[in-house]
Amino acid sequence: NFLNTTYVLKQLKVWNRFLISGKPRFSYGKYVFWYPEILKQVNETNSSTTEDNLIGRIVPVYSDLMWIKWSWFQKKMAEKLPAIDDIFEEFLPDYLLKKYNLLDIKWALKNIHFPENLSVLQKAKYRFNFEKLLTWQLVSNLTFKQKQINKPTQPNREIVKDFLKLLPFELTKAQKRAIKTIIDDMHSWKVMTRLLQWDVWSGKTIVSTIIAYYVIKQFKQQVAFLAPTEVLAKQHILNISKYFLPLWIKVALLTGSTKPKEKEQIKQQIKTKDIDFVLWTHALIQDDVEFADLWLIIIDEQHKFWVNQRAKLASQWTPHVLQMTATPIPRSLALAYFWEFENTIIDELPPGRQKIYTKVISEKEFEQLKGFLLNKIQQKEQIYIVVPLIEESEKLEWVKSAMQEYEEIQKMFEGTGVKIWLMHWKLRPDEKEKVMKDFKEWKTQILVSTTVIEVWVDVPQATIMIIKNAERFGLAALHQLRWRVWRSSLKSYCFLVTKSKSGESYRRLKYMEEFSDWFKLAEIDLKLRWPWTILWTQQSGQIDLPEEALKDIKLLEATRNEARYIIENNLLDQYPKLKQKVLSEEKIQTLKA
């Protein structure tokens, strides 16, 4: 089917045979080629051509570039293929080629474009995935090597033991392991860059508090704690001050709403080391804060910060960086596997907590929940109803604004005496505090909110989470919201309201019913939300590597181990071609950042 392309039809001569290439499709009861390519007129007597070499073998399909068709690139690449022998040189060491059975670069290049068979094609792909990951690993490890700050020293375990005696509860084994790993890392030869992951409500604040205390006591240095929102920063400073102030550790809170005179005073105290521990928000990353001796930056909810913001902190002061998240985005998982972070996991939750009952429901089923919700309110339990934040540019008519949802919920409970309030991102910090304070004090029983509620809500009597238009959220965000109602031993519920109980979105939401394990959901989210940019500053975008490379754990671990072996044993100079490749990649990454 040439679709009236007369210039193609003119090439066809009656009673002659042609070799035609294209994608077949079934149409009107028969198979036809859709936009085919004429490779060769078989009965022509011309000598061997490029087209002859393309017949009967696996050939590449390139992307079209403007008005230039992929077939033109295909033919030109076939013509230039012999030049590979003169242009490219192997840069991987011989021992790696033999150890991992890798194709040499010339053979791999030829077979990535025009493979002899599918088996060789897979080997060529593996070769290039290996070299790309190894190069990135070497850049990362080389950067760590350049950030060497001291010779390895011995940790002082007694400092931690003394602090633990002050706690009214026992830490879990997973928390203790995490604390030991982080402290050991700070006593090693390199600057620490570590990602601490845990499931929600498994004790992140106390772990970070103990680490901060250790740095202040052992190294006599300052610690900065970075929170994504001002409300969360205030919540953290209250919790941390309970431990630090009785121990004569000087703390400060620095936020966007701090009064100018007080802000300048705090900055001066940080500069003169009259403050040991400062808690601030990301709004001040660009501010002129000067530390006397900053040793550790703790970043809470790391996925709330852009890559550039995190990089600025590390590059400006080059201290140890501990990034923490209860809901890491897939990008963080990939980086934790092989590039930027060391990875520590707290996988043990406090005892005595009940599993959250999770159910995907329709809009009609949500309306039928009214009696159940009123019964729970009579039992002095409270309810969150989360609605997605709608951008002004969006034109989805079936998605209601937060105000419309709020008004409909008010009508639903009209005459019941239930008090409902709306909280959204446009409220001032003091207005948000007032809304939350009223909710905690039972002045309101239902809180309608956008996802501003996601990272800082702590109301033990709130046991029901209802998420409207749940299909608009990723699994990571849904899980984070769900655990907002896991703050006590009471039975908790999460209802995911969706417009349609069919299709891919519905199947994705059903994972929330099936799994409460954060690690399993994160793995599923990673698979569902490709592609991702791994090394650039975007949190989403076009992927730098095929999905198959980033899911090959053996390949990731192998390249990571080999890169560390080369750097730690100072072997890079023995392989000048590999070193040149690494330095070139380092420049590219610097430009991208």
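Threonine 498 touches Val360, Ile361, Ser362, Glu363, Glu471 and Leu509, leaving aside residues up to four places away in sequence. In this predicted model, threonine 498 sits in strand β15, which covers residues 493-498. With a relative accessible area of 2%, threonine 498 is buried. One of its neighbours, Glu471, is also a polar partner: the side chains of threonine 498 and glutamate 471 are joined by a polar contact of 2.8 Å.

Stepping back to the whole protein, the secondary structure comes to 24 helices and 15 strands. There are 593 residues, and 50% of them count as buried. Among contacts between residues at least 6 apart in sequence, 73% join residues at least 24 apart. The protein exposes about 30400 Å², with carbon and sulfur atoms supplying 53% of that area. Leucine 65 lies in the loop between α2 (50-54) and α3 (70-80) and is partly exposed, at 48% relative accessible area.

Helix α23 takes in residues 553-568, and its 16 residues should span 22 Å at 1.5 Å a residue; the end C-alpha atoms are 22 Å apart, so the two values agree. Its buried residues are Leu555, Leu556, Ala558, Thr559, Arg560, Glu562, Ala563, Ile566 and Ile567. After α23 comes asparagine 570, with a positive phi near 55 degrees.

Turning to charged pairs, the count of salt bridges comes to 29. In one of them, glutamate 79 pairs with lysine 76, with 3.7 Å between the closest N and O atoms. These two are three residues apart in helix α3, so about one helical turn separates them. Both ends of the pair are partly exposed: glutamate 79 has a relative accessible area of 42%, and lysine 76 comes in at 34%.

Arginine 127 takes part in two salt bridges, with glutamate 90 at 2.9 Å, N to O, and with glutamate 131, where the closest N and O atoms are 2.8 Å apart. Arginine 127 and glutamate 131 are four residues apart in helix α7, so they too are separated by about one helical turn. Arginine 127 is buried, at 0% relative accessible area, and glutamate 131 also counts as buried, at 10%.

Methods
Residues numbered from 1 in each chain as written. Predicted model: local features only at pLDDT ≥ 70, side-chain atom pairs only at ≥ 80, totals over all residues. Heavy atoms only, no water. Buried < 20%, exposed > 50% of the residue type's maximum accessible area, 1.4 Å probe, protein only. Polar contact = N/O pair within 3.5 Å; in protein donor to acceptor, adjacent residues only side chain to side chain. Contact = heavy atoms within 4.5 Å. Areas by Shrake-Rupley, 256 points an atom, 1.4 Å probe, with all protein chains shown as cover. Expected span 1.5 Å × (residues − 1). Salt bridge = Lys/Arg side-chain N within 4 Å of Asp/Glu carboxyl O.
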